[in-house]
Amino acid sequence: MLEHRTIDQSAIAEDTGITPDRIRRSIDRLFRAHLLHANPDDPADVYAVAPETATAELAAPLEAHIREQQRRIDALREALHPFSPLYHRRRSPREALEILENVQDVRNALNRASERCREEVLSCQPGGGSRVPEAMQEALQRDQAMLGRGIVLRTLYHHTARFNGPSQAYVAANSALGGQYRTSHELFGRLIVFDRELAFIPLHDDRWGAVVIREASTVAYLCQIFEQTWDRATPFADPVGQGLEKVSREIQETIIRLLAAGIKDEAIARRLGMSLRTARRHIADIMEQLDATSRFQAGVNAAARGLVGADTGPGQLPH
């Protein structure tokens, strides 16, 4: 076409050795791609078009559609913008407390705080490390981005996290990047603190919401509680085997102590970060091994055998 400006298929076939059928299909494709134009006064007069011109012609409707969508987006923003001051009036960043009432707001706030974090994150995650997979994957990406920037990341788990496969993988991946993890038989509750300035705690009886705390004295108090627990916790650098004997003993001692105090099964499970079924299995095993018929008797028998508070020794319950 560039050379002869003709769509005489017989002539093209003779010059190229291509079959007329293939030539016809190729010419159709070139017209659809706007790479060929025909003279309106003489359809046999066909000329090739610069690819840049063809691109502009094909893109014009798409660009018009994009402009229309952008106009609609701008209209939405203009329509909803007057509501923003009303919403943020009680959620000002300068306020000491902010209530986040749904999980999406919590995730967005955590992501923003992670991006702005400069030095340190303290985190307490009760419940044995069991979390929704999507939330754990999002937290993994968030944590690794901070570790990559040199942020100090310290996290507390319940001892039961050592027996949770996803938690083991999570700790192994982040420990390799410098994250620090420890476990304890009992924890004070869920907490995340950024740079000792911004703290997140859960809403009361609401697993999806959170309270954001900026008041300096309250944040400092929460950090102090974290540090006290951290000092007594067991390092969790080797998720597969490190400290399993010690943590198993601490779990058993804690269960015995709570049994003797008359704590219900549900409360024991919650305080140790394990399922109710697992807690009841531990309790049944302990009661049988201590030859106890009541919770109080289990505590007395354990104390008599030197099982509670002992570091090591032959009197330890078998695992």
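Modeller: Helices are DSSP runs of H or I with at least four residues, strands are runs of E with at least two, and both are numbered from the N terminus. This is a predicted model, in which local features need pLDDT of at least 70, side-chain atom pairs count only at pLDDT 80 or more, and totals for chains, interfaces and linings use all residues.

Biologist: How many helices and strands does the secondary structure of the protein chain come to?

Modeller: The chain has 319 residues, of which 35% are buried (under 20% relative accessible area; exposed is over 50%, partly exposed in between, with a 1.4 Å probe and protein chains only). Its secondary structure comes to twelve helices and ten strands.

Biologist: Among contacts between residues at least 6 apart in sequence, what percentage join residues at least 24 apart?

Modeller: A contact means heavy atoms within 4.5 Å. Of the contacts in the protein chain between residues at least 6 apart, the share that joins residues at least 24 apart is 67%.

Biologist: How are helix 1 and helix 2 placed, roughly parallel or roughly perpendicular?

Modeller: The axes of helix 1 (residues 9-16) and helix 2 (residues 20-32) come within 9 Å and cross at roughly 115° (axes are lines fitted to C-alpha atoms, for helices over the stretch in contact, and angles run from 0 to 180 degrees between N-to-C directions). Angles from 65 to 115 degrees count as roughly perpendicular, under 35 as roughly parallel, over 145 as roughly antiparallel and the rest as oblique. Helix 1 and helix 2 are therefore roughly perpendicular.

Biologist: Which residues of helix 1 and helix 2 make the contact?

Modeller: The eight names come from both helices. Helix 1 supplies Gln9, Ile12, Ala13 and Thr16, and helix 2 supplies Pro20, Ile23, Arg24 and Ile27.

Biologist: With which residue does Asp21 form a salt bridge?

Modeller: A salt bridge is a side-chain nitrogen of Lys or Arg within 4 Å of a carboxyl oxygen of Asp or Glu, and the structure holds twelve. With the closest N and O atoms 2.4 Å apart, the partner of Asp21 is Arg24.

Biologist: How far apart are the closest N and O atoms of Arg71 and Glu68?

Modeller: Arg71 and Glu68 both lie in helix 3 (residues 51-80), three residues apart. Arg71 is partly exposed at 46%, and Glu68 is partly exposed at 33%. The closest N and O atoms of their salt bridge are apart by 2.7 Å.

Biologist: Which residues are linked in a network of salt bridges?

Modeller: Glu227 and Arg154 meet in a salt bridge at 2.5 Å, N to O. Glu227 is in helix 8 (residues 216-232) and Arg154 in strand 5 (residues 152-158), 73 residues apart. Arg154 is buried, at 10% relative accessibility. The network links Glu120, Arg154, Arg196 and Glu227.

Notes:
Residues numbered from 1 in each chain as written. Heavy atoms only, no water.
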